[in-house]
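Hi,

Here is the structure I promised to pass on to you. My notes on what turned up in it follow below.

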Amino acid sequence: MRKVTIVWMATVLILFLVFAALGLLMKMNQAEFVNLPPEYFYAFLTLHGLGMIGIIFCGTFAGVGYLLSRYVKLNLSLMWFVYFFTAAGLIGLLLATLVGKFGAGWYVLYPLPFYSQHTWANWSVLLAIVSIIVLGVAWLIGLLHLIYAMSCQYGFKNLLGWQYLSKEEKIVEIPPSVLIVTVSSITGSLGIEAGAVMMMMYLFKFFVPSLSFNVLILKNLDFFFGHILANITLYLALAWVYELFPKYSGRPLKINKIIAFAWNCTLAFILFAYFHHLYMDFVQPVGLQFVGQIASYMSAVPATAVTLFSAVGQIYRSGIRWSFTPFSFYLGLIGWTMGGFAAVVDSTIRVNLIFHNTLWVPAHFHTYLLFGVFPLFLGFVYDFLNGQNDVPRDWISIIGLWIMVIGGLGFLLAFYLGGIDSVPRRFAVYSYSGINQVYQHGTHLAAFAIPFILILLFGIGMIYFSFLRKLKQAWVEP
Ligand code: HEM
């Protein structure tokens with residue numbers, strides 16, 4: 001299990017740099033420092049978006065798998081199967097985007113993939129569809145396996161922690177990671193199934209071009225899938241905080257009524273909050289738009305409040321040892337809260353009228369992915385590499401983390417200011433907007449972001465360097 005986890009971690013960390021380099025290149029194009037042909041900009045945008053979300057999800061999946069293997073019996077061959085299928089899907093996406101120039105964006109919204117006007121090769125559409133199906137099948141099997149393994153150990157009816165809400169005295173205790181992984185895996189499986197239905201319809205459309213589908217249904221399926229995947233990536237990462245923080249604080253963190261109730265509420269809200277992606281679709285039944293707004297507001301409360309209180313409770317007068325992992329976990333929680341807050345702002349119908357499809361959108365999801373999930377992931381990797389050893393305070397990684405924060409804040413600030421200035425997202429260059437003010441602001445803000453991206457990457461490089469020094473020992477450790 002250690003070895004499969006190391007291979008996952010290494011793959012995620014290396015690919016993260018590759019996809020971040022694409023992000024830098026896109027910003028340089030928007031700043032007009034380089035001149036990418038537009039079809040390449042969109043192919044890079046698609047690969048960057050799908051690739052980043054995909055690998056970060058894989059990182060959290062592999063990480064929680066490793067943690068769960070302390071409590072439940074996982075099938076090692078199946079974990080390798082998920083790894084190789086994911087690798088095959090990623091190679092397919094690399095070919096479809098970099099060679100075939102497939103550039104329909106990360107949620108490949110219908111009918112765009114089929115209206116390429118020869119911008120991207122026809123075969124690349126098929127390859128992208130098949131690759132996404134392969135990824136989805138691998139992840140679905142992986143998530144279902146986690147549920148199965150936990151059920152064998154604790155009984156399916158106990159996985160959601162309902163026993164904590166009952167009045168019975170003697171109950172089956174479960175670790176917090178089991179509850180969080182169950183909530184994430186159930187919602188994740190539903191989301192992936194919606195994505196699979198959509199991709200099968202795409203496959204039919206590819207072979208029978210005269211077919212046409214209801215655009216609104218496909219948009220619902222698409223955003224149900226995309227929204228849930230991005231959200232559960234974050235929730236899975238929180239399992240590390242619940243599981244590993246006590247090691248540093250010396251305070252056990254167990255499930256109680258409040259934690260069980262909060263995570264069950266999250267399960268319900270996460271499924272309905274996705275309607276906030278469809279506010280602009282006036283044909284969507286109006287009631288669903290309100291469901292979207294209410295569920296978005298509500299989804300921000302239970303898990304966030306409970307997790308933050310638990311995290312503060314972990315440090316208050318606990319004499320915690322501030323090594324890299326707790327630092328990184330705290331940064332992750334702050335990034336998650338900041339990004340979540342910006343998301344709730346955008347999910348307000350009145351505000352969304354103005355912020356929709358502006359740079360505010362990449363601003364909020366980069367905040368909770370780059371400043372939320374990624375630091376949580378780094379914290380997990382650091383703890384993992386140290387194994388059972390006492391975790392020393394390693395200054396290179398801690399300084400690297402601070403440098404990453406400085407770079408990241410500048411990078412994100414440019415996105416947020418762009419959102420406030422109504423600069424649209426997904427523009428290869430802003431001169432195409434035809435509005436001089438948008439052109440000026442967009443281009444200047446992109447130029448402003450570039451030095452910060454370089455600082456961010458330098459900080460990440462320092463952290464990687466410190467990981468590399470520990471890698472050999474981690475591989476041979478039993
Ligand atoms: C050094 C780090 C990163 C840089 C420089 C970067 C840069 C960018 C840029 C320039 C865009 C295009 C924004 C626009 O004008 O619409 C973008 C989009 C995007 N990024 Fe990043 N990014 C980084 C990290 C991440 C991470 C960590 C994730 C997710 C885990 C991520 C996911 C995405 C997604 C999903 C999109 C939208 C793609 C689409 O619209 O189809 N990025 N990024």
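Helices here are DSSP runs of H or I with at least four residues, numbered from the N terminus. The patch covers about 470 Å² and is built from Ile91, Leu95, Leu98, Val99 and Trp123. For such a patch, residues need over 30% relative accessible area and no salt bridge, and nonpolar side chains (Val, Leu, Ile, Met, Phe, Trp, Tyr) are joined within 5 Å. Areas come from the Shrake-Rupley method with a 1.4 Å probe, and for residues only the protein chains shown count as cover. Leu95 sits in helix 3 and is partly exposed, because its relative accessible area is 42% (buried is under 20%, exposed over 50%, partly exposed in between).

Before going on, please keep in mind that this is a predicted model: local features need pLDDT of at least 70, side-chain atom pairs count only at pLDDT 80 or more, and totals for chains, interfaces and linings use all residues. Residues are numbered from 1 along each chain as its sequence is written, and side-chain values use heavy atoms, with hydrogens and water left out.

Now the ligand. Among the 26 residues around the ligand, Gln30, His48, Trp106, His366 and Arg426 come nearest (a residue counts if one of its heavy atoms lies within 4 Å). A polar side-chain atom of Gln30 is 2.9 Å from a ligand oxygen atom, and a polar backbone atom of Arg426 is 2.6 Å from an oxygen atom of the ligand. Helix 1 supplies the largest share of the shell, seven residues.

The whole structure holds three salt bridges, each a side-chain nitrogen of Lys or Arg within 4 Å of a carboxyl oxygen of Asp or Glu.

- Asp281 pairs with Lys219, with the closest N and O atoms 2.9 Å apart. Asp281 is in the loop between helix 7 (257-272) and helix 8 (286-299), while Lys219 is in helix 6, 62 residues apart. Both Asp281 and Lys219 are buried.
- Asp383 pairs with Lys247 at 2.8 Å between the closest N and O atoms. Asp383 lies in helix 12 and Lys247 in helix 6, so the pair ties together parts 136 residues apart in sequence.
- Asp394 pairs with Arg469, the closest N and O atoms being 3.2 Å apart. This pair links the loop between helix 12 and helix 13 to helix 14, 75 residues apart.

Best wishes

Note on methods:
A polar contact is a pair of N or O atoms within 3.5 Å; within protein, one must be able to donate a hydrogen and the other to accept it, and residues adjacent in sequence count only if both atoms are side-chain atoms. Helices (H or I, at least four residues) and strands (E, at least two) are DSSP runs, numbered from the N terminus. Patches are made of residues with over 30% relative accessible area and no salt bridge: like charges are joined within 9 Å, nonpolar side chains (Val, Leu, Ile, Met, Phe, Trp, Tyr) within 5 Å. Buried means under 20% relative accessible area, exposed over 50%, partly exposed in between (1.4 Å probe, protein chains only).
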